[in-house]
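Please look over the sequence and the model shown below before reading on.

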Amino acid sequence: MRLWVLSDLHTAPDAPWFPSVRPEFDALVIAGDVYDSDIERSILWTAQVADGRPAVFVPGNHEFWGRTIEDELERAERRAQKEGVTLLNGQGWMAVAGGHFAGGTLWTDLELNQPAGHILYPREFGDPIDVRGPGIDRRAKGRDIARRHRAEVDVLEAILDPDVAPEGPRIVVTHYAPHIEVLPRHLWDQPSAAASASDLGHLTDVGAVHLWICGHIPRSVDFVPGYGTRILSNPRGENDSNPAFAESLIVEVDEPIPTPSFGPNAGR
Ligand SMILES: [Fe+2]
């Protein structure tokens, strides 16, 4: 299966960016951060780029800027259904183009490199993001973000159980990173790492997922931690800041788990 993988396009509303070429692919995978504060336009963009072929979209934090998460996800579900795009939002396995996809924004547990019992205050999330639910309608706090992360991880833990996981390629797509080594090395021991990544080694290092695609980071990675899952990102970056970004990157997913082609520091 050939996946066309892109993320963090950060395209401008008044001068949208589109790939200059459309490679041969079986499914387009967009790992978030296409437009700021406009999740429906991000999904429409995904459909336009896919041009009638299967497409998978995961919202990034930028899609939620200045918005309420729950409201945007309702809009996203309607728009994705209309455009024929598969929206991943922590709902479990979705069959697309012969593969099985799961994931969502993922957010973060805000715990990496924090003192015991503390979580990072989420000022690194950029513009304010709101949440609502029974009895609440307010600015998101760290515990709201961590709670959303926990809920998504609970689903992944359940559906990756060998007794229920489907046969065939299992691909997880998240906006936030599942592993510290996705980040540039100088951040591995820094408190700010918690704004971008969580330690999900119990999911990535056991081989239950063939490929884990993520975004939200400033560089391209393609590596396999331990004996586990291939972790890959292909972010364009704000202001086209990632020189290793490949606008027509095709990732072949086959069984068994493919061997890595280069290490976690590739592109830097
Ligand atoms: Fe992001």
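The report covers the basis of the model, then a sheet, then a pair of helices.

## Basis

This is a predicted model, in which local features need pLDDT of at least 70 and side-chain atom pairs count only at pLDDT 80 or more, while totals for chains, interfaces and linings use all residues. Residues are numbered from 1 along each chain as its sequence is written.

## The open sheet

Helices (H or I, at least four residues) and strands (E, at least two) are DSSP runs numbered from the N terminus, and two strands pair if DSSP finds at least two bridges between them. Five strands, in the order 4-3-2-1-13, make up an open sheet with mixed pairing. Strand 4 (86-87) and strand 13 (250-252) are at the edges and have a single partner strand each, so one side of each lacks a neighbour in the sheet.

Strand 13 pairs with strand 1 (residues 2-6) in the antiparallel sense over three bridges, and V251 in strand 13 is the bridge partner of L3.

## Helix 1 against helix 2

The axes of helix 1 (residues 39-50) and helix 2 come within 9 Å and cross at roughly 25°, where axes are lines fitted to C-alpha atoms, for helices over the stretch in contact, and angles run from 0 to 180 degrees between N-to-C directions. The two helices are therefore roughly parallel to each other, a term for angles under 35 degrees. Their contact (C-beta atoms, placed from the backbone, within 7 Å) involves I39, E40, I43, L44 and A47 of helix 1 with E72, R75, A76, R79, A80 and E83 of helix 2.

## D71

D71 belongs to helix 2 (residues 69-83), and its C-alpha atom is separated by 9.5 Å from that of D130, 59 residues apart along the chain.

Terms used: Parallel < 35°, antiparallel > 145°, perpendicular 65-115°, else oblique. Contact = placed C-beta atoms within 7 Å.
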